[in-house]
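Here is a short briefing to read beside the model. Keep the sequence and the 3D view open as you go.

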Amino acid sequence: MEKAVQWDELVDVLVVGSGFAGLTAAIEAAELGKKVLVIEKMKRAGGNSIISDGGIAAPGTQLQADRGIVDSEKSMYDDMVTAGLGLNHPKLLRTLVSQARSAFEWTVDALQVPYLDRVDIFGGHSVARCYTPQGVTGATMLKRMLKRVAELSIPVLYSTSFRSILTDNQGRVLGGAVLREYDYRTNTGVPAKIRAQRGVILASGGYGADVAFRSIQDPRLDETIQTTNKVAATAEVLKSALHIGAASVQLSQIQLGAWASPDEQGFGHGPLFADYILFQYGVIVDPSTGRRFVNELGDRRQSADAILRIGHPCIGIADSRAVEHSGWDISRAIRKGVVKIHATMDELAASYGIDAATLQASISRYNGFVQDGADADLQKPMVDEASPIEEAPFYAMRLWPKVHFSMGGVAINERSQVLDFDGRTIKGLYAAGEVVGGVHGASRLGSCAISECVVFGRIAGQNV
Ligand SMILES: Cc1cc2nc3c(=O)[nH]c(=O)nc-3n(C[C@H](O)[C@H](O)[C@H](O)COP(=O)(O)OP(=O)(O)OC[C@H]3O[C@@H](n4cnc5c(N)ncnc54)[C@H](O)[C@@H]3O)c2cc1C
């Protein structure tokens, strides 16, 4: 029996959040003829999606075939399980890798997202399988999604914050209580209730900016650690699902980005140098020893934990050949002083207080590994175009991790239905994107979050 609730709005599908996962789900549900409403607590769409680099991963694509890159769903699955320390929920991961290619193709064919003509490899992937949109920003895809949302006449209610899930006496989800005219600074607004006849899709993103929530899960991540996330990345929607009995999955698995700079706020411009150039072609050294200590192409958990263990910012170094060969434009990071250029390795060493002789010895040893094609010290996989670090000037950046991604979240099944602690579906409740836990296990690989948003966003929109 439905409780006597005074509803302010009636729709088929209520989508919470206007990032990649929410908009994808909204588009799919509307294309199937459903009356969809998207709510977004901020004044603008996009969440972390719009500030992301927009990189998406998929195996077995035409872009890979054109370059002779041999890849498979199994290879992507294995890479993600290795990084995830086996904590990945197998059915969800299988769903992700088997639908990543069609999700990527959907962004190209249905949304017309323009991608750069290149395929990249990031730490933890065994082959190049990452595709970057033009402009190296998620805004490129978000614009296309919003265009499709407008074409389908899907309303997006901004400044509308989802507060709690409303259910009937049997626990079936009926809709949500929201605050209209919401102001996140005061956390206030005008109460209203929205009835969603077919269901509610939670797509509210992660909790990287929620210091209270994240530091309960991982006490290292207090206010002294910065985040790359937008202020909106908080846990209230996730908590509303837990309140009605949704199961939580691995909430303490919170990812830090090792490619972040302590010399700028938020995500900034340094990561384009660190993640796209330095980790592939350069080295990271501890300035107090002048030595390498981590496989630069290891997954994010390995790199971030290794730097945190050192206890102070470390120095990433690449040469000008690497920068030129990569083709990436890092001028903004240089202009902001996040990446610095040094005429000689000795000058670089002096600038960071590194012993010059030890640093030179570390670089020479690494250069030997490049020539051998194998890193005998730290087992960094050498990319095909790897070359010795020897061509001046040299580029350097300080590295100190920032909170980046929430691997944990609510439990779902392969149909994006939210599950309770007995593994039963909560009727009428779906979730997709970063609010979901379990796909990535202990550590997410680069570009796999956006694949997850599109794959499970589509599934949620189709099944609701
Ligand atoms: C700087 C940066 C770069 C990244 N680069 C990449 C990359 O290149 N490739 C990759 O795969 N991943 C990347 N990621 C991760 C990836 O972008 C995110 O995991 C993904 O975009 C999350 O999408 P989402 O739709 O789940 O959530 P979001 O895009 O964060 O959207 C969630 C939305 O929900 C809204 N919301 C939250 N709470 C409420 C509420 N109570 N009521 C109403 N609305 C609410 C938020 O305001 C937000 O707009 C990056 C992340 C960051 C921060």
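The buried residues of helix α4 are covered by parts that include α5 (90-109) and α15 (448-463). This is a predicted model: local features need pLDDT of at least 70, side-chain atom pairs count only at pLDDT 80 or more, and totals for chains, interfaces and linings use all residues. Residues are numbered from 1 along each chain as its sequence is written.

**Helix α4**

- Helix α4 covers residues 73-83, and its buried residues are Met-76, Asp-79, Met-80 and Ala-83.
- Seen down the axis of α4, these residues fall within an arc of 95°, so they line one face of the helix. The arc is that of the directions from the helix axis to the C-beta atoms.
- A residue is buried if 20 or more other C-beta atoms lie within 10 Å of its own, exposed if 12 or fewer, and partly exposed in between; C-beta atoms are placed from the backbone.
- Leu-85 follows α4 and has a positive phi, near 55°.

**The whole chain**

- The protein chain has 15 helices and 19 strands. Helices (H or I, at least four residues) and strands (E, at least two) are DSSP runs, numbered from the N terminus.
- The radius of gyration of the protein chain is 23 Å, close to the 23 Å that the globule rule gives for 464 residues, so the chain is as compact as a globular protein of that length. This radius is taken over C-alpha atoms, and the rule is 2.2 Å times the number of residues to the power 0.38.
- The C-alpha trace spans about 75 × 45 × 40 Å along its principal axes.
- Of the 464 residues in the protein chain, 54% are buried.
- Among contacts between residues at least 6 apart in sequence, 75% join residues at least 24 apart. Two residues are in contact if their C-beta atoms, placed from the backbone, lie within 7 Å.

**Two domains**

- The domain assignment gives domain 1 (9-208 + 407-463) and domain 2 (259-400). Such bounds come from an automatic or database domain assignment.
- The centres of domain 1 and domain 2, taken over C-alpha atoms, are 33 Å apart.
- Twelve residues from domain 1 and twelve residues from domain 2 make the contact.
- On the side of domain 1 that touches domain 2, seven residues are nonpolar, four polar and one charged. Here Ala, Val, Leu, Ile, Met, Phe, Trp, Tyr, Cys and Pro count as nonpolar, Asp, Glu, Lys and Arg as charged, and the others, Gly among them, as polar.

**Ser-161 in β6**

- Ser-161 lies in strand β6 (residues 161-167).
- Ser-161 is buried, with 24 other C-beta atoms within 10 Å.
- Leaving aside neighbours within four places in sequence, Ser-161 is in contact with Lys-41, Val-178, Leu-179, Tyr-182 and Gly-189.
- Gly-17 is 144 residues from Ser-161 along the chain, yet their C-alpha atoms are separated by 9.1 Å.

- Five strands form an open antiparallel sheet in the order β12-β11-β13-β15-β14. Two strands pair if DSSP finds at least two bridges between them.
- The edge strands, β12 (291-292) and β14 (339-342), each pair on one side only.
- β14 pairs with β15 (residues 394-399) in the antiparallel sense over four bridges. His-342 stands opposite Phe-394 in β15.
- Ile-284 sits in strand β11 (residues 283-286). Ile-284 is buried, with 25 other C-beta atoms within 10 Å.
- Beyond its neighbours within four places in sequence, Ile-284 has contacts that include Arg-292, Cys-314 and Leu-399.

**Strand β10**

- Both faces of β10 (residues 254-257) are covered: Ile-254 and Leu-256 are buried on one side, Gln-255 and Gly-257 on the other.
- In a regular strand the side chains alternate between the two faces of the sheet.
- β10 pairs with β16 (residues 402-406) in the antiparallel sense over four bridges. Ser-406 in β16 is the bridge partner of Ile-254.

**Strand β19**

- Five of the seven residues of β19 (residues 425-431) are buried, so the strand is largely enclosed by the rest of the structure.
- β8 (residues 188-202) pairs with β19 in the parallel sense over three bridges. Val-200 stands opposite Leu-429 in β19.
- β18 (residues 417-419) pairs with β19 in the antiparallel sense over two bridges. Gln-417 stands opposite Tyr-430 in β19.
- The hairpin of β18 and β19 has five residues between the strands, and Gly-423 there takes a positive phi near 80°.
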